Amino acid sequence: MALIQCDFYSEVLQLNTSMNVILPQPARARYPVLYLLHGLSDDHTIWLRRTSIERYVDALGLAVVMPAVHRSFYADMARGNRYWTFTSRELPALVRGFFPISHQREDTFVAGLSMGGYGAFKLALSFPQRFAAAASLSGALDQAGPAPQDADPAMRAEMENIYGDLDKLPGSANDTMHLAAQIARSAGPKPRLYQCCGTEDFLYDQNLRFRDHALALGLDLTYEEGPGEHEWGYWDRMIQHVLAWLPLKIG
């Protein structure tokens, strides 16, 4: 495996930013790719620092792209930068330009934890023609519903900086429950979804709400739960489940 720290200039963000990239060896024409997204308090280095992701993908022939998006919730922020446009548009184009990454939907996947689980489902449900599968680990999957920020004025202020008027969040392009309903009604391709959450996680109720909603809509959702909190020991275990679940063409 090759591990690449890629520092580059983003035209969308108008600043220099970074991503870590794992590339398989030996070289081949085009690799399938997993965009692996970080959580609220982390950055592009965290999956490598807290899990054995590089070792786990060694035999899979899978490239892994881990970008930095700060505390953006993968949104074009009301008072901040355009991280949704960066993640959904600019980043994939740059990755395909820099590295031998497949352009095919069946080779393109996204996963993340917490804020990144929300970002992963938001990407796959917004662009089902681009993503074959998406995985959320302990995701913040119901941003428009009851959430921890409702009881925390500082967190609510941060969410307003990200989304603007929170009363307008339900039914918007930032509402994954709404996106799930939209894609269920559509005639186009639908990504496979994987979702897991620990039963002691503070986001467990949000995960149950999304699970029940997605299954009622008839989406192709694989769900796992078990003992676990919002912590890296759980995510290190569960990312292995995600990798085993991905529809990779091995060989």
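The dialogue that follows concerns a predicted model.

Trainee: What makes the radius of gyration of the protein chain agree with a compact globule?

Mentor: For 251 residues, the globule rule gives a value near 18 Å, and the protein chain has 17 Å, so the two agree. The C-alpha trace spans about 50 × 40 × 40 Å along its principal axes. The chain contains eight helices and eight strands, and 58% of its residues are buried.

Trainee: How do you know which share of the contacts joins residues 24 or more positions apart?

Mentor: Among contacts of the protein chain with a separation of 6 or more, such residues account for 74%. A contact here requires heavy atoms within 4.5 Å.

Trainee: What does the pair of F73 and Y118 tie together?

Mentor: F73 lies in the loop between β4 (63-67) and α3 (83-98), and Y118 lies in helix α4 (residues 115-126), so the pair ties together parts that are 45 residues apart in sequence.

Trainee: Are F73 and Y118 buried or exposed?

Mentor: Buried means under 20% relative accessible area. F73 has 5% and is therefore buried; Y118 has 0% and is therefore buried as well.

Trainee: Why is the pair of F98 and F99 called edge-to-face?

Mentor: The ring centres of F98 and F99 are 6.0 Å apart and the planes stand at 85°, so the pair is edge-to-face. F98 and F99 also belong to a cluster in which ring pairs link F8, Y83, F86, F98 and F99.

Trainee: How do you know whether F98 and F99 are buried or partly exposed?

Mentor: Partly exposed lies between the buried limit of 20% and the exposed limit of 50%. F98 has a relative accessibility of 43% and therefore counts as partly exposed. F99 has a relative accessible area of 10%, so F99 is buried.

Trainee: What makes W84 a buried residue, and which residues does W84 touch?

Mentor: W84, in helix α3, has a relative accessible area of 15% and is therefore buried. Leaving aside residues up to four places away in sequence, W84 touches Y74, A75, D76, R89, K122, L123, S126 and F127.

Trainee: Why is the phi of H70 or of S138 worth a remark?

Mentor: Most residues other than glycine have a negative phi. H70 is not a glycine, yet its phi is positive, at about 60°. S138 is likewise a residue other than glycine, and its phi is near 55°.

Trainee: Where do H70 and S138 lie, and how is each classed by accessibility?

Mentor: H70 lies in the loop between β4 and α3; its relative accessible area is 48%, so H70 is partly exposed. S138 is found in the loop between β6 (133-137) and α5 (153-163), and at 0% relative accessibility S138 counts as buried.

Conventions
Residues numbered from 1 in each chain as written. Predicted model: local features only at pLDDT ≥ 70, side-chain atom pairs only at ≥ 80, totals over all residues. Heavy atoms only, no water. Helix = DSSP H or I, 4+ residues; strand = E, 2+ residues; numbered from the N terminus. Rg over C-alpha atoms; globule rule 2.2 N^0.38 Å. Buried < 20%, exposed > 50% of the residue type's maximum accessible area, 1.4 Å probe, protein only. Phe/Tyr/Trp six-rings, centres within 6.5 Å; stacked < 30°, edge-to-face > 60°.
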